[in-house]
Amino acid sequence: MGDIRIFIIDDSSVVRRLLTRVIEEEPGLAVAGQAANGRLALEKLDALAPDLVTLDVEMPEMDGLATLVEIRRRRPRLPVIMFSTLTSRGAATTIEALSLGASDYLTKPAGATSLMESMERLRQDLVPKVRALVRVREERGQDQPARGDLRSNMTAPSTSGPAQVGPPPLQRAGTSAQLMQHRERYPERRPFQPSGRHLMRPAELVVVGVSTGGPNALARFIPALPGNLPVPVLIVQHMPPLFTRMLADRLDQNSQLKVREAEAGAVLRPGEAWVAKGDWHMEVARESGQLLLKEHQGPQVNSCRPAVDTLFQSAAQACPATAVAVVLTGMGRDGLRGARAIREGGGLVLAQDEESSVVWGMPGAVSNAGVADQVLPLDQLAPHLLQSLRRDRSTTTGAGPWR
């Protein structure tokens, strides 16, 4: 396998040089080309045939959104990472880009005291995303959409065979260390069997954890829930400040649920959803019989703040046997420990399946650990959740049916 070839599209020559240095110093990565605006980039796209694109949000002549739409038309499965400023305008445009099919995003380094610090921040943020997104593309086929990806289904050519999923084979005999690295990077896919479990008491809370590919997944999952949902919903999406508020506002505009960014001390009520604030952990606590939203800026968990594990573990304590966890697309393993705590406490755990996930890291970790009660395509998660809530309320003593 050759180097991962990255096409840098940014009107700032400084940013282009910075990205080029980071990419060229990383083994296995290479710069396929550069362009200062979307028009020039589209002229080069077919000839360069990159494995991934980094795309600036704000550019002259043809901005990032217009360029993204055209890239998606030509190359439905080409990974695109938006490169945004940490501003309200940048956050709003990035959320729009993610809804239009961007694979992920990065914020431009701000507040760094040196070039080396800026490069190190970029390296830590960019490289794992590049490797994860390109690996998924290689496994599924370059222009084959993930199942349930409505944008890609509208633009991708039809295919005659199933998506290619699962780890690539280790092509030749390697050392024990190489074999170990291969197994860690591509964990064994265990055949999944639904648990058949259900709650012994009516559900009190739904908690959702999501990362890479999350805004688009949430834009389909949350609007599928009715306004009279009998439980509150808490959401941790790995995002910085400003971005989480924009995400909450967008979900609120398109959902029957009332969706807001987290507010410390808020009483959690049915039919409401709360999105964890960027750079703040969100928890749930029970006080005087009420469920309350809590926030703090404790240490990062799984290199994240907010962290899914932090929310899920608090839900396991506050709502033993009455919490339902939903783990959506995302890199890494954040949410595994918390999902296990919810499961062990008698709650339910639902996970998005591999084919409909942008990256099957978080839900895959939950599934492969045997923690998930159900692993379902994105568009089946909300209907299954609603069915579970109706069944549990109608079959549990003291709870009437919910419609």
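In which loop is the place of Ala49? Ala49 sits in the loop between α2 and β3. The legends below describe close-up views of a predicted model.

**View 1. Ala49 and Glu61 each have a positive phi without being glycine.**
Most residues other than glycine have a negative phi. Ala49 has a phi of about 45°. The residue counts as partly exposed, at 37% relative accessibility. Glu61 has a positive phi of about 70°. Glu61 belongs to the loop between β3 and α3 (64-74). Its relative accessible area is 62%, so Glu61 is exposed.

**View 2. An open sheet of 5 parallel strands.**
The strand order is β2-β1-β3-β4-β5. At the edges stand β2 (29-35) and β5 (104-107). Each has a single partner strand, so one side of each lacks a neighbour in the sheet. From one strand to the next, the twist averages 25°. Helix α2 (residues 38-48) packs on this sheet and touches β1 (4-9) and β2. The direction of α2 makes about 160° with that of β1.

**View 3. The pairing of β3 with β4.**
Strand β3 covers residues 52-56, and strand β4 covers residues 80-84. They pair in the parallel sense over 4 bridges. Thr54 has Ile81 in β4 as its bridge partner.

**View 4. An open sheet of 7 parallel strands.**
Here the order runs β8-β9-β7-β6-β12-β13-β14. The edge strands are β8 (258-261) and β14 (374-376). Each pairs with a single strand, so one side of each is left without a neighbour in the sheet. The twist averages 20° from one strand to the next. Strand β6 (residues 205-210) and strand β7 (residues 233-237) run parallel and are joined by 5 bridges. In β7, Val236 is the bridge partner of Gly209.

**View 5. Helices α10 and α11 on the 7-stranded sheet.**
Helix α10 lies across β6, β7 and β12 (323-327). It runs at about 165° to β6. Helix α11 (residues 336-344) lies across β6, β12 and β13 (348-352). The angle of α11 to β13 is about 140°.

**View 6. A cis peptide bond between Arg305 and Pro306.**
Most peptide bonds are trans. The bond joining Arg305 and Pro306 is cis, with omega about 10°. Pro306 lies in the loop between β11 (290-296) and α10 (308-318).

**View 7. The largely enclosed helix α8.**
Helix α8 spans residues 214-221. Of its 8 residues, 7 are buried, so the rest of the structure largely encloses α8. The buried residues are Gly214, Pro215, Asn216, Ala217, Leu218, Arg220 and Phe221.

**View 8. The salt bridge of Asp10 and Lys108.**
This pair is one of 27 salt bridges in the model. The closest N and O atoms are 3.5 Å apart. The two residues come from distant parts of the chain, 98 residues apart. Asp10 is in the loop between β1 and α1 (13-24), and Lys108 is in the loop between β5 and α5 (115-140). Asp10 counts as buried, at 1% relative accessibility. Lys108 has a relative accessible area of 18% and is buried too.

**View 9. Arg123 and Glu25 within a salt-bridge network.**
The side chains of Arg123 and Glu25 meet at 3.0 Å, N to O. Arg123 is in helix α5, while Glu25 is in the loop between α1 and β2. Glu25 has 45% relative accessibility and counts as partly exposed. The network links Arg21, Glu25, Glu26, Glu120, Arg123 and Arg131.

**View 10. The salt bridge of Glu204 and Arg286.**
The closest N and O atoms lie 2.8 Å apart. Glu204 is in the loop between α7 (176-185) and β6. Arg286 is in strand β10 (residues 281-287). The pair links distant parts of the chain, 82 residues apart. Glu204 is partly exposed, with a relative accessible area of 27%. Arg286 is partly exposed as well, at 36%.

How values were computed
Residues are numbered from 1 along each chain as its sequence is written. This is a predicted model: local features need pLDDT of at least 70, side-chain atom pairs count only at pLDDT 80 or more; totals for chains, interfaces and linings use all residues. Side-chain values use heavy atoms; hydrogens and water are left out. Two strands pair if DSSP finds at least two bridges between them. Axes are lines fitted to C-alpha atoms, for helices over the stretch in contact, and angles run from 0 to 180 degrees between N-to-C directions. Contact means heavy atoms within 4.5 Å. Buried means under 20% relative accessible area, exposed over 50%, partly exposed in between (1.4 Å probe, protein chains only). A salt bridge is a side-chain nitrogen of Lys or Arg within 4 Å of a carboxyl oxygen of Asp or Glu.
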